[in-house]
Amino acid sequence: MSLHTSTPPVKGGTVIQDWQPEDTEFWQQHGKRIASRNLWISVFCLLLAFCVWMLFSAVTVNLNKVGFSFTTEQLFLLTALPSVACALLRVPYSFVIPIFGGRRWTAFSTAILLVPCLWLGFAVQDISTSFSTFMVIALLCGCAGANFASSMGNISFFFPKSQQGGALGINGGLGNLGVSVMQFFAPLAISFGIFSLFGGGSQTAASGEVIWLENAAWLWVPFLIVGTLLAWFGMNDLASSKSSLREQLPVLKRGHLWIMAVLYLATFGSFIGFSAGFAMLSKTQFPEVVILKYAFFGPFLGALARSAGGMLSDKFGGVRVTLINFIVMSVFSGLLFMTLPTATYAGSFIAFYSVFMILFINAGLGSGSTFQMIAVIFRKQTLDRVKAQGGSDEHAQREAVTETSAALGFISAIGAAGGFFIPQMFGTSLAMTGSPAGAMKVFLGFYLLCVAITWLVYGRKKAN
C-alpha cells in the first residue's frame, strides 16, 4: 500500500508521520480535512492572542479616567511596549514549530497569556500601581503578538503551495480580527460588573461614570482556557516538519528575507501600529469624539482585507497586489494632512476617520499579499537551489517547507516592530510639534520607498 493511501493518525494530540499535501490523492482523501481542522483552531487561538496583544490600546484611554495620572507620552509608550516584546520574541517563535511541534506550542503559547490578563485586571483596580508595573504587564502582552510567527509558520506546513496564500490569509486575517474584537467588546465589558464575584470592583470616573476596567483584561480568560484545550486535544504535530535550529538558520543569509521584511514592515507594521495608536491619536486631535465607539472598525476592515489580500494574490500574483497597495497607501497618507487640525483650521474628524479606514484596509491587503510573496519566493528559490545541487525531490520539498516557515516567522518579527514605532512616532511628534504631521511625513516617505522596491526588485520584466 502506498504512503498516500494509508490512513494517517487523525486523532487530536497525535503526531502525523505521513504528510504529503502536494499529492492530490492524499490531499483529497486525508490532508484537506486535517489541515482545515488545524487551521480553524489556529485561527481561534491567534484571534485571542491579538486580543491580548492590543489590550493596552483600549485600557490606556481609560487609565487617567479612573484616577491614574500618566502623561500622553507615557500612555503612548504603554500602547507601544507590547510590540517591543513581540518583535523580539517573534524571532525565537519563528523557529519553534519544527522543534516542538504545532500542537504543543500552540497550547503552551495560548495558556501563558493568562498571566498578563489576570495581572492587568488586578493592576487597574489599584491607582497606586506604578507606571513601571504597567510597563512589565505591557511587555508580557507582547508574548501574545509573538504567537503570530509560530502560528503562521505552523499553518504553512499543512497546505499545498497552491493554497498557501489563501490559508495564510485566513489564519492571519481572522487572527488579526482579534484587534477589532477586543476594541469592540472591551468598552462594552467595562460597563458591567461581570466578574464581581472574583474580585472585580467598580471605579468612578471624574465625569461620574462607573466602569469596571478590569473586565477589559479578564474578559479573555475563559476563552484562553478553551483555546488551550482545543489546541491540545484538537491539533496535530507533523513529523515531517521536524528540523533543528541549525537547519533553519541559513534562511537569514537569503537576500530576499531582508527585502521582504521591509515590505512587510510597511504593511503589517502599519496595520498593527495604527491599531495600537489610532485611539490615542484620535483623542489628541479630536477630544470631543468618544473614539472607543469607532476605533474597532479600522482593525476590523484591515483583518478582513488581509484574508482578501492572500486570495487575490493567489489569483493575480502577490507582486501586482502589493504594488497597487503601496501606491494607494502613499496617496492616502498624503491626503491625511488635509484632515488634521491646525492653528487656522479645526480639522475634519469624518475625513480623518475615512482616510484612516482606507489605510487600515490597504495595510491589511498588503499584509496578505506580501505573505503570499514570501511563501512563493522562498519555496521556489529553495527548490531550485537544492535541485541544482543534485538533491532529491523529497529533500528539496522538505528544505523548501522548512525555509519558508522560518522566513515567514522571522519576517513577521520585523513587521511587528511597526506596533512600537508608529505609536512612539505619533507620541514624539505630538510632544515636539503638537501635531502628528511629522510622523505622517515619515510614513509617506517609507510607503513611496516601498513602491520603488516592489517595482525594481519584483515588478519589472527584468526583475528576478
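Modeller: Asp 237 and Arg 103 form a salt bridge, with 3.4 Å between their closest N and O atoms. The two residues come from distant parts of the chain, 134 residues apart. Asp 237 sits in strand β4, which covers residues 237-238. Arg 103 belongs to helix α5, residues 102-111. Bear in mind that this is a predicted model.

Are these two partners buried or exposed? Asp 237 counts as buried because its relative accessibility is 0%, where buried means under 20%. Arg 103 is at 5%, so Arg 103 also counts as buried.

Asp 237 has a further partner. Its side chain meets that of Arg 104 in a salt bridge, at 2.9 Å from N to O. Arg 104 has a relative accessible area of 35%, so it is partly exposed. Through shared partners, Arg 103, Arg 104 and Asp 237 join into one network. The salt-bridge count comes to two.

Now the domains. The domain assignment gives domain 1 as 13-242 and domain 2 as 243-463. Their C-alpha centres lie 20 Å apart. In contact across the boundary are 54 residues of domain 1 and 54 residues of domain 2. The two domains bury about 4300 Å² between them, and 70% of that area is on carbon and sulfur atoms. Three residues of domain 1 stand out: Val 61, Phe 76 and Phe 95 supply 16% of the area it buries against domain 2, more than any other three residues.

How many salt bridges cross this interface? The rule finds zero between domain 1 and domain 2. Polar contacts do occur there, with a count of three residue pairs, both members at pLDDT 80 or more. On the side of domain 1 that touches domain 2, the elements giving two or more residues are α1 (24-53), α2 (55-63), α3 (72-93), α4 (97-100), α7 (131-158) and α8 (164-189). Helix α8 gives the most to that side, with 16 residues. By type, the residues on this side of domain 1 divide into 27 nonpolar, 22 polar and five charged.

Phe 352 lies in helix α15, which runs over residues 349-388. Its relative accessibility is 0%, so Phe 352 counts as buried. What does Phe 352 touch, leaving out residues up to four places away in sequence? The contacts are Phe 278, Leu 281, Ser 282, Phe 286, Leu 336, Thr 339 and Leu 340. Among them, Phe 286 is 66 residues from Phe 352 along the chain, and their C-alpha atoms are separated by 9.7 Å.

To sum up the part you asked about: Asp 237 bridges to Arg 103 and also to Arg 104. Asp 237 and Arg 103 count as buried, whereas Arg 104 is partly exposed.

Key
Residues numbered from 1 in each chain as written. Heavy atoms only, no water. Domains from an automatic or database assignment. Contact = heavy atoms within 4.5 Å. Buried area = accessible area lost by both parts, 1.4 Å probe. Salt bridge = Lys/Arg side-chain N within 4 Å of Asp/Glu carboxyl O. Polar contact = N/O pair within 3.5 Å; in protein donor to acceptor, adjacent residues only side chain to side chain. Helix = DSSP H or I, 4+ residues; strand = E, 2+ residues; numbered from the N terminus. Nonpolar A, V, L, I, M, F, W, Y, C, P; charged D, E, K, R; others polar. Buried < 20%, exposed > 50% of the residue type's maximum accessible area, 1.4 Å probe, protein only.
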